[in-house]
Amino acid sequence: MDFESIPRAHDAFQQPVMAEDIQAIGRRAFGNTVRITAAVELGGGMYNTTYRITADGLEQPVILRIAPSPEHQFVSEPQLMRNEYATAPYLAPVAHLVPRVLFADWSQELIGRDWMVQSHLAGAPAPERLGDYPRTLWPGFFAQLGTIAKDIHGVRGPHFGPVAGPVHATWSEAVLASLHAIADDVAGLGLDAADVRKVADLAAEHRALLDEITEPRLLTGDLWTVNTMLAAAPTPVISGVLDLDRTLFGDPAADWTIRMASAKTDERTAFWDTYGSRDISPAASWRALVYEARHLGAIRLERHRLRNSDGVRDTYQSLADVLAQLT
C-alpha cells in the first residue's frame, strides 16, 4: 500500500494512524475482497484526520475521516463526527452536495477513535480554486452559498441544541449550555473565561429575548468557503459541501454562515440576494451580540488548539467590545 502521512509534531492535535490501522479499517468497512492500494492524508482541515483511500474492488476513491481521540475533544465539541452522522437525514434539501456515508464505526475497537468512510466528492476545494476566477464572478459563488444556507435553514428540527444532543426544550437553554461549556473549556486550558461567563449571565438575565425563537431550525454550524468544493467550470459552481459536523437546531441567525456573510461588504453581499434579508429589530440585534460572543469563545478554543497565542489574545479585546454593547 502507498501510504502518505503529513509530518506532525508528536503533540499536535491532529494525529495520523499507522498503515496497518488503515488496512484494518478497510477490512472492517469493505471486507476481505477489497484491497487498499493507497492512503493519502489530506491537509486543509483542522479537526479530523482525513485520508483519500484508493482500493482494488472500489470503483472510486473514498474518504476516510478519523476523529480526534476522546480525551482531546472539548466538552463544547462533543463527538462531532457522531453529530454529523445524526444530521444526514435532515440534509435532504442539499443531499446532492454532501458526501454519502458508506460506513461508520463508533466502537473505537481498532484505533481508539471514531471513524467514518464517505464518498469522494468531485471538484477542488474552493479556497484553492476560487482565486483562479476573476473577482467579477465571485458574487455568483456567494449567491449559491446563500441558496444552500437558506435550504438548510428551512429544515425544522425536533429540539434545540446539537442534532445528536444534548437536547434542550428552549433556545435559551441551548445557548446557555453552549456558553457554559465553552467557558469551562477555556478555563480548563488555564485561560481566563470570565468574559464568556459574563455573557452567559447576561443571556440568562435576558433569556426571554432568546426564547422569542420558538421554532428550531437546522444550522450548518461551520459552513463557509473553506467547506465547499468547486466543479471544473467556466464560472464558480459549488459541487460539494463538506464537514457538517457542528450542526445544531436553533436560530438561523446564530449560524457561522450568517456571521461570515455579514463580516464584510464585498462580493459576499450577493449571499443576501438569494438568502433573503436579515432581521434587524432591537431583539435580533441583541441576540446577534450573544451569538458573536459564542463564536468568539469557540474561536478562542480553536486558536489555542492551533497554538496561535496572538489570535487567542485578540479574542479578549473582541469579546470586550461585544460585552460593552451588551451592557
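Two strands pair if DSSP finds at least two bridges between them. Helices (H or I, at least four residues) and strands (E, at least two) are DSSP runs, numbered from the N terminus. The model is predicted: local features need pLDDT of at least 70, side-chain atom pairs count only at pLDDT 80 or more, and totals for chains, interfaces and linings use all residues. Residues are numbered from 1 along each chain as its sequence is written, and side-chain values use heavy atoms, with hydrogens and water left out.

**Exercise 1.** Determine which strands pair with S4 and in what sense.

*Solution.* 
Step 1. Strand S3 (residues 49–56) pairs with S4 in the antiparallel sense, over five bridges. Here Thr49 stands opposite Ile66 of S4.
Step 2. In the hairpin of S3 and S4, five residues lie between the strands, and Gly57 takes a positive phi near 105°.
Step 3. Strand S6 (residues 115–119) also pairs with S4 in the antiparallel sense, over five bridges. In this pairing Leu64 stands opposite Val117 of S6.

**Exercise 2.** Explain why strand S4 is described as largely enclosed by the rest of the structure.

*Solution.* 

**Exercise 3.** Describe the largest cavity and its lining.

*Solution.* 
Step 1. On a 1 Å grid over the protein atoms alone, a cavity is a set of points where a 1.4 Å probe fits but cannot get out; lining residues have an atom within 4 Å of a point. Grid points are joined across faces, edges and corners, and a volume is the space filled by probe spheres set on the points.
Step 2. The largest cavity holds about 50 Å³ of space.
Step 3. Among the lining residues are Ile22, Phe30, Val62, Leu64 and Val117. Helix H1 (19–30) gives the most, with five residues.
Step 4. By class, the lining has nine nonpolar residues, one polar and no charged. Ala, Val, Leu, Ile, Met, Phe, Trp, Tyr, Cys and Pro count as nonpolar, Asp, Glu, Lys and Arg as charged, and the others, Gly among them, as polar.

Methods. Buried < 20%, exposed > 50% of the residue type's maximum accessible area, 1.4 Å probe, protein only. 1 Å grid on protein atoms, 1.4 Å probe; cavity = no way out; pocket = protein on both sides within 12 Å on 5 of 7 lines; lining within 4 Å.
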